[in-house]
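Welcome! Take a moment to look over the structure below, and then we can walk through it together.

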Amino acid sequence: MNRMLGWVAGLACLSACIGASAQSNAPAAAATPDMRYAKLTLKNLPPLEAVLQAATDAVPQAKAAVADWQKRMRTAAWVPRFELRSAIGQQGLREYTVVNRTSTDALGMTSTYRDSYATGEDPRWLNEYQLAVMWDFSQLFFRPEEIDIARLKMEAVRVNMERDAVVAGVRERALTAYYDLIESLRLLELETYRASVPTIIRKERAAAMVDDLADGCLLKHLNRPPKAGGK
C-alpha cells in the first residue's frame with residue numbers, strides 16, 4: 001500500500017515538473033509593430049521643408065499681445081472717478097447779536113445801519129458728506145502701467161532670442177531623423193531588406209522621432225483626406 005502511494009506521488013511530481021518546463025519554454029509574445037507608419041513610403045513622405053517648418057512651429061513663441069489692452073487703457077481715462085468724503089467732528093459755533101447803530105458824518109448827516117457782534121460760542125457736532133467727481137486726463141498721454149508693458153515686451157524679446165537657439169537644435173534633430181527615415185525607406189524597397197525586422201524597426205523609430213519633433217507632421221500628412229478628383 002505504501003509502495004502504491006509512493007508511485008502516485010512520484011507521478012504527480014513528474015507531471016508538475018513537465019508542466020512547469022513547458023510553460024518556461026513557451027515562446028514570448030512578439031512585440032506589436034507600430035502600424036501607424038505601415039503605409040509610409042517615399043512616395044507619400046512629406047517634403048523636408050514641411051517637416052522643418054512644423055518642427056519650428058512646434059516650439060512655443062512668446063507674444064506680448066498688448067495692443068488691445070493699450071487701446072482700452074486709453075479709453076478708460078475718460079471714465080470719471082467718484083469719491084465719497086465725510087467729515088465728522090466737533091466745531092465751535094458762535095452766536096451773534098444784531099443791533100441798529102447810527103453814525104453822523106462831517107456834514108451832520110445821520111445814517112442808520114445794522115451791526116452784529118459775538119455774544120458767545122457753543123460747540124456743535126459736524127457731520128458732512130461730499131460726493132466728488134474727478135477726471136485725470138493726463139493719463140490719456142501716459143499711464144503708470146505703460147512701464148509694465150515695456151518690461152513685458154522686453155521679456156518677450158529675450159525669450160524669443162533664446163527660442164531661436166532651441167529652434168536651431170530642434171531643426172537639426174528633425175533633419176537627422178528625417179534622413180534616417182529616408183535611408184530606411186530606401187532599404188525597404190530592396191528585395192534584401194524588404195522583410196528585415198531591424199530595418200522596419202529603424203523606420204518606425206525614425207518616423208516616431210520626426211513626429212515627436214514636428215508635432216505629428218507625418219501622421220497628419222498620411223491621414224489627411226484625399227483631394228477632390230483623386231489627385
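In which loop does Asp 215 lie? Asp 215 sits in the loop between helix 5 and helix 6, where helices (H or I, at least four residues) and strands (E, at least two) are DSSP runs numbered from the N terminus. What you see is a predicted model, in which local features need pLDDT of at least 70 and side-chain atom pairs count only at pLDDT 80 or more, while totals for chains, interfaces and linings use all residues. Residues are numbered from 1 along each chain as its sequence is written, and side-chain values use heavy atoms, with hydrogens and water left out.

**The overall picture**

- The protein has six helices and two strands, and from the N terminus on its elements run α-α-α-β-β-α-α-α.
- Of the 231 residues in the protein, 19% are buried; buried means under 20% relative accessible area, exposed means over 50%, and partly exposed lies in between (1.4 Å probe, protein chains only).
- Among contacts (heavy atoms within 4.5 Å) with a separation of 6 or more, 74% join residues 24 or more positions apart.

- Asp 215 has a positive phi of about 55°, although it is not a glycine.
- With a relative accessible area of 49%, Asp 215 is partly exposed.
- Leaving aside residues up to four places away in sequence, Asp 215 touches Ala 58 and Lys 220.
- Asp 215 and Asp 57 are 158 residues apart along the chain, and their C-alpha atoms are separated by 8.5 Å.

**Helix 4 with helix 5**

- Helix 4 (residues 145–188) and helix 5 (residues 197–213) pack with their axes 8 Å apart, at an angle of about 150°. Axes here are lines fitted to C-alpha atoms, for helices over the stretch in contact, and angles run from 0 to 180 degrees between N-to-C directions.
- That angle makes helix 4 roughly antiparallel to helix 5; angles under 35 degrees count as roughly parallel, over 145 as roughly antiparallel, 65 to 115 as roughly perpendicular and the rest as oblique.
- The crossing of helix 4 and helix 5 is left-handed: a crossing gets that name if the near helix is turned anticlockwise from the far one by less than a right angle, and is right-handed if clockwise.
- Residues making this contact include Ala 174, Ala 177, Tyr 178 and Leu 181 of helix 4, and Ile 200, Ala 206, Met 209 and Val 210 of helix 5.
- By type, the residues of the contact of helix 4 with helix 5 divide into 14 nonpolar, two polar and five charged. Ala, Val, Leu, Ile, Met, Phe, Trp, Tyr, Cys and Pro count as nonpolar, Asp, Glu, Lys and Arg as charged, and the others, Gly among them, as polar.

**Helix 2 and what covers it**

- In helix 2 (residues 48–58), the buried residues are Leu 48, Val 51, Leu 52, Ala 54, Ala 55 and Thr 56.
- Their cover includes helix 4, helix 5 and helix 6 (217–223).
- The axes of helix 2 and helix 4 come within 9 Å and cross at roughly 145°, and the crossing is right-handed.
- Among the residues of this contact are Val 51, Leu 52 and Ala 55 of helix 2, together with Val 167, Val 170, Ala 174 and Tyr 178 of helix 4.
- The residues of the contact of helix 2 with helix 4 comprise ten nonpolar, two polar and two charged.

- A search of the whole structure finds two aromatic pairs. Tyr 178 and Tyr 179 have ring centres 5.8 Å apart and planes at 90°, so this pair is edge-to-face; rings of Phe, Tyr and Trp (its six-membered ring) pair if their centres lie within 6.5 Å, with planes under 30 degrees apart counted as stacked, over 60 as edge-to-face and the rest as tilted.
- Tyr 178 is buried at 6% relative accessible area, whereas Tyr 179 is partly exposed at 46%.
- Gly 169 lies in helix 4 and is partly exposed, with a relative accessible area of 29%.
- Phe 142 is placed in the loop between strand 2 (110–134) and helix 4, and is partly exposed at 46% relative accessibility.
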